[in-house]
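Visitor: Could you walk me through this structure? I'd like to talk about pockets and charged pairs, then pick at a couple of residues.

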Amino acid sequence: MMFYYFSIGTNIEPEHNAVNIVKMLSQHFGPIVIYPFVYTQPQNIVSQNVFLNSIAIAFSPKNEVEVKNILNSIEITLGRDRSDPQRSKKDRVADIDILGFSKDQDNNFLDQQKELYIKEVIDTQSHSVDLTSFGLPSSKGPATVDFDTTSSHIRILQNAADSLIDWHKASLVLQ
């Protein structure tokens, strides 16, 4: 079992696609920690479209290749052409990358990231984007969310950066 750290980005219908990405990640991995989404300027591409970025943390028994295949399938399902050799230079409906992974959840891992858009996501002074009208519950900070299959809604389980650890420990106790 590993904790996986993902960067999430979208700049085509970003509010709609951000919620779809969260929903699909939760459907594949169960409860995930999601940081509030923030608007960021495009980096390394020429575009007039701003990005909506976030970070997600998932706990999974899958290896890195299996997890990357899931992320690629989410991007493809949402409409990204992964066969396009110029895909990294174009606007995108979904861009989900593995930042790293570890056996224990390490929230300090994110502080070591160099990319500006990641720093903007973890910066508590950044203005998060309210996506409640698109189906993502409101949160002022990192929160554990899960896709509720009975209602087809995303719901917040706990509102804390380390809540995935707490939720996972609780689920182990119940089993």
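Guide: What follows is a talk through a predicted model, taken topic by topic.

Visitor: Okay, pocket first. How much space lies in the largest pocket?

Guide: The largest pocket holds about 350 Å³ of space. Its lining is made up of 21 residues, and those that lie nearest the centre are Gln43, Arg92, Asp95, Asp97 and Tyr117.

Visitor: And how does that lining divide into nonpolar, polar and charged?

Guide: The lining of the largest pocket has 8 charged residues and 8 polar ones, with 5 nonpolar residues making up the rest.

Visitor: Which strand gives the most to the lining?

Guide: That is β1, which gives 3 residues. At least two residues each come from β1 (2–10), β4 (51–60) and β5 (95–102).

Visitor: Switching to charges, how many salt bridges does the count come to?

Guide: The count comes to 6 salt bridges. In general, side chains of opposite charge can pair when their charged atoms come close. One of these pairs is Asp97 with Lys68, whose side chains meet at 3.5 Å, N to O.

Visitor: Which residues are linked with them in a network of salt bridges?

Guide: The network links Glu75, Arg80, Arg82, Arg92 and Asp95. Of these, Arg92 and Asp95 are also among the residues that lie nearest the centre of the largest pocket.

Visitor: What is the distance between Asp84 and Lys90?

Guide: The side chains of Asp84 and Lys90 meet in a salt bridge at 2.5 Å, N to O. Asp84 counts as buried because its relative accessibility is 15%, whereas Lys90, at 40%, counts as partly exposed.

Visitor: New topic: where does Asp91 lie, and what does it touch?

Guide: Asp91 lies in the loop between α2 and β5 and is partly exposed, with a relative accessible area of 32%. Not counting residues up to four places away in sequence, Asp91 touches Asn11, Ile12, Ile45, Ser47 and Asn49.

Visitor: What joins Asp91 to Ser47 and Asn49?

Guide: Polar contacts between side chains do: Asp91 is joined to Ser47 at 2.5 Å, and to Asn49 at 3.1 Å. Asp91 and Asn49 are 42 residues apart in sequence, with their C-alpha atoms 7.6 Å apart in space.

Visitor: Last one, Ser60: buried or exposed?

Guide: Ser60, whose place is in strand β4, counts as buried because its relative accessibility is 2%. The side chain of Ser60 reaches the backbone nitrogen of Lys62 at 3.0 Å. Leaving aside neighbours within four places in sequence, Ser60 is in contact with Met1, Met2, Tyr4, Phe29 and Val67.

Technical notes
Residues numbered from 1 in each chain as written. Predicted model: local features only at pLDDT ≥ 70, side-chain atom pairs only at ≥ 80, totals over all residues. Heavy atoms only, no water. 1 Å grid on protein atoms, 1.4 Å probe; cavity = no way out; pocket = protein on both sides within 12 Å on 5 of 7 lines; lining within 4 Å. Points joined across faces, edges and corners; volume = space filled by probe spheres on them. Helix = DSSP H or I, 4+ residues; strand = E, 2+ residues; numbered from the N terminus. Nonpolar A, V, L, I, M, F, W, Y, C, P; charged D, E, K, R; others polar. Salt bridge = Lys/Arg side-chain N within 4 Å of Asp/Glu carboxyl O. Buried < 20%, exposed > 50% of the residue type's maximum accessible area, 1.4 Å probe, protein only. Polar contact = N/O pair within 3.5 Å; in protein donor to acceptor, adjacent residues only side chain to side chain. Contact = heavy atoms within 4.5 Å.
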